[in-house]
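This briefing goes through one protein chain, topic by topic. Keep the sequence and the structure in view while reading.

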Amino acid sequence: MPLSLNDIEQHANKNKTILQEVELPGLTSRPTVYLKREDLIHHEISGNKWHKLKYNLVEAGTQGCRTILTFGGAYSNHIHAVASAGRILGFNTIGIIRGEEHRPLNPTLEHAVKCGMKLIYLDRTTYRKRNEPKFQNELKEKFGNVYVVPEGGTNSLAVKGASEIMTDINIDYNYICTAVGTGGTLSGLICGAKGKGTVLGFSILKGGAFLIDEVASHVKNFSGNSFSNWKINLDYHFGGYAKINSELVKFIHDFENLNGIPLDPIYTGKMLYGICDLIKQERFGVDDVIVAIHTGGLQGVEGMRGKMANHQ
Ligand SMILES: *Cc1c(COP(=O)(O)O)cnc(C)c1O
């Protein structure tokens, strides 16, 4: 029996993913800021990864694939999510990990192995071939009938899933904000917003300008439209992927103290720091309503603890 969307959706805590108004450290007079709590949609497959995976899992089932193969770094939220999804929904999973194996395994990979994911390490040069059809065919020959999900989980079905984050945002907003890694989530939000308000992405990668073309093409492919009400801010990457400084760490602590909501230092922390900074620069009006998506990623905080402690 192929998996239906209902089989997957029954695991989602849709009632928890509310809009929650938040305070921002150091700001009094300011726009209204809500967090959309997608971090609470599932206790393991959290946030945007849930939305990006669900239609891919349905499709894997439809194609008769019992194994999902995907790619990621050693701390990847996506690897963590795919491993959990496999265990919960009955797929075998294979994670192709960038770089060498390190023992003991970090918390992300330890979780993946516990879920039954088979880990394969590739050196960085070979890993770069991950999107080449020839390389993927070699993987299929080696591992049989696998359903391949790209790194970060971004493809057209992921954009479709992410677009549904917009369906229960039923307030009058001016801005929708999200952190951007591969751009799949931002693309979905743009499609789901259907031209309403401004959709603002915060690149967490250094040199993220290439994401503008990527997002434009995902949006066009999925919706057939090229919406113009969106932007990617490139100013809040803090030096690049998983790079942090003491100002960011302090912001994350202050935000959690004020609101009781944890953020991660790789994605949501940088986005909210960016929003806060743009508010200080009066780039938003005091009457604006901003909805920031809490895309989850809290599993990754454990692996960043040492680094964060060095930036106290
Ligand atoms: C993966 C991830 C993102 C980035 O999503 P993309 O669709 O790759 O842009 C943002 N936030 C969190 C918490 C993530 O895990």
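Two strands count as paired if DSSP finds at least two bridges between them. By that rule, strand β1 (residues 19-21) and strand β2 (residues 32-36) are paired, with three bridges in the antiparallel sense. The model is a predicted one. Its chain holds 12 helices and 10 strands.

**Overall form**

- Along the principal axes, the C-alpha atoms fill a box of roughly 60 × 45 × 35 Å.
- Of the 312 residues in the chain, 56% are buried.
- The accessible surface of the chain is about 13900 Å², and carbon and sulfur atoms account for 47% of that surface.
- Among contacts between residues at least 6 apart in sequence, 74% join residues at least 24 apart.

**Pairing around β2**

- In the antiparallel pair of β1 and β2, Gln20 stands opposite Leu35 in β2.
- Strand β2 also pairs with strand β10 (residues 289-293); these two run parallel and are joined by five bridges.
- Val33 has Ile290 in β10 as its bridge partner.

**The four-stranded sheet**

- Which order do the strands of the open sheet of four take? The order is β5-β4-β3-β6, and the pairing is parallel.
- Strands β5 (118-122) and β6 (146-149) stand at the edges; each has a single partner strand, so one side of each has no neighbour in the sheet.
- From one strand to the next, the twist averages 25°.
- Inside this order, strand β3 (residues 67-72) pairs with strand β4 (residues 92-98) over six bridges, in the parallel sense.
- Phe71 stands opposite Ile96 in β4.
- In a regular strand, side chains alternate between the two faces of the sheet.

**Cysteines**

- How many disulfides does a search of the whole structure find? The search finds zero.
- Cys65 is buried, because its relative accessibility is 1% and the cut-off for buried is under 20%.
- Cys115 is also buried, with a relative accessible area of 11%.

**A buried glutamate**

- Glu9 is part of helix α1 (residues 5-9).
- Is Glu9 buried or exposed? Its relative accessible area is 17%, so Glu9 counts as buried, since buried means under 20%.
- Leaving aside residues up to four places away in sequence, Glu9 touches Lys14, Trp50, Lys54 and Glu164.

**Backbone exceptions**

- Most residues other than glycine have a negative phi, and most peptide bonds are trans.
- The peptide bond between Arg103 and Pro104 is cis, with omega at about -5°.
- Pro104 sits in the loop between β4 and α4 (107-114).
- Lys194, a residue other than glycine, has a positive phi, near 50°.
- The place of Lys194 is the loop between α8 (184-193) and β8 (198-203).
- Lys194 counts as exposed, because its relative accessibility is 68% and exposed means over 50%.
- Ala242 has a positive phi too, near 65°, and lies in the loop between β9 (230-233) and α10 (246-259).
- With 11% relative accessibility, Ala242 counts as buried, whereas Lys194 counts as exposed.

Key: Residues are numbered from 1 along each chain as its sequence is written. This is a predicted model: local features need pLDDT of at least 70, side-chain atom pairs count only at pLDDT 80 or more; totals for chains, interfaces and linings use all residues. Side-chain values use heavy atoms; hydrogens and water are left out. A disulfide is a pair of cysteine sulfur atoms within 2.5 Å. Buried means under 20% relative accessible area, exposed over 50%, partly exposed in between (1.4 Å probe, protein chains only). Axes are lines fitted to C-alpha atoms, for helices over the stretch in contact, and angles run from 0 to 180 degrees between N-to-C directions. Contact means heavy atoms within 4.5 Å. Accessible areas come from the Shrake-Rupley method with a 1.4 Å probe; for residues, only the protein chains shown count as cover.
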